[in-house]
Amino acid sequence: MSLINSKEAAPAHTVVVLDFETTGLSPNQGDRAIEIGAVKLENGVVVDRFQGLMNPGFRVSPFIENYTGISNRMLADAASCDEVMNEFANFIQGCNLVAHNASFDKRFLDGELALIQREYDGDFACSLLVSRRLTQEASSHKLGDLVAYHQIENDGVFHRALADAEVTASLWLVLLETLEREHGIVNPSFELMMKIGKTPKASIANFLKKNR
DNA sequence: TGCCAGGCCCTCTTTAGGGCCTT
């Protein structure tokens, strides 16, 4: 686990962009987190990072080993989910959160924090939902496809938590820039980004005009 | 025995079905 400078309370405008690697798709079916990666953004600048492998207490499937590159051998030496998630709960304190397909990451965040009786106080926004509204011409809104579409700088690593969190943060900044460049909305609030994600696609143009 | 996620969103919709997206 790597952790940098996370002890101070975050300013209200701080956003944590996070990504989980997990044993499967559903915590309700017994799946657990095996890696968390996150970057902390302040005014569009990365000021902190968090990355931690965690041992779920059982072997992961060959599919997950191949998909993520995270092996059972790597997890055998990792800290427990409890230990890592406790540190991560400290990291996100006072921050709003962003993830690509946030409903997925939120389920695992809620599930893992419930197991250690921790909570978070931020709101969760989804880069996938915002992307579907602001770049409707994109043929796919998979994270990797959007990275290529927007020519976002990357190190070629995908399906690892910190690498995916890094490019999701870059995507989030691209979406903020798109709002300013194409819709005249400068420095949109986190609350506005959440509303954009929840606004029906059919009425998004009018919504953006009203919020200039 | 066989099945097994869940939310969003579109359409040949709303008393439904299926694709997209996340691991």
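**The surface near DNA strand B**

Guide: Start with the make-up of this surface. Its residues near DNA strand B divide into 9 nonpolar, 11 polar and 8 charged. Keep in mind that this is a predicted model.

There are 28 residues around DNA strand B. Those that come nearest are Glu21, Tyr67, Arg133, His141 and Leu143. Where in the fold does the surface come from? Four elements each supply at least two of its residues: strand β2 (15-22), and helices α1 (62-68), α4 (102-115) and α5 (127-134).

Now turn to the DNA side. Take the atoms of DNA strand B within 4 Å of the protein. Sugar or phosphate accounts for 64% of them, and bases for the rest.

For Ser26 the partner is a sugar or linking oxygen, and the distance from a side-chain N or O atom is 3.5 Å.

Step back to the chain around this surface. UniProt, in an unreviewed entry, lists residues 14-181 as "domain: Exonuclease". That span is 43% helix and 23% strand. Its end C-alpha atoms lie 22 Å apart.

Helix α7 covers residues 161-183. From first C-alpha to last, its 23 residues reach 32 Å, close to the expected 33 Å. Just after α7 comes Gly184, with a positive phi of about 70°.

Another stop is Leu53, in strand β4 (residues 45-55). Beyond its neighbours within four places in sequence, Leu53 is in contact with residues including Ile34, Ile70, Leu75, Val84 and Arg160. Pro188 is 135 residues away from Leu53 in sequence, and their C-alpha atoms are 34 Å apart.

How confident is the predictor? Chain A has a mean pLDDT of 94, and 94% of its residues reach 70 or more. Over residues 3-7, however, the pLDDT is below 50. This stretch has 11 contacts in the model beyond near neighbours in sequence. Where pLDDT is low, predicted coordinates should not be read in detail.

Notes: Residues numbered from 1 in each chain as written. Chains lettered and ligands numbered in written order. Predicted model: local features only at pLDDT ≥ 70, side-chain atom pairs only at ≥ 80, totals over all residues. Heavy atoms only, no water. Expected span 1.5 Å × (residues − 1). Near = heavy atom within 4 Å. Polar contact = N/O pair within 3.5 Å; in protein donor to acceptor, adjacent residues only side chain to side chain. Nonpolar A, V, L, I, M, F, W, Y, C, P; charged D, E, K, R; others polar. pLDDT = per-residue confidence, 0-100. Contact = heavy atoms within 4.5 Å. UniProt positions renumbered as here; feature names shortened; annotations may be inferred.
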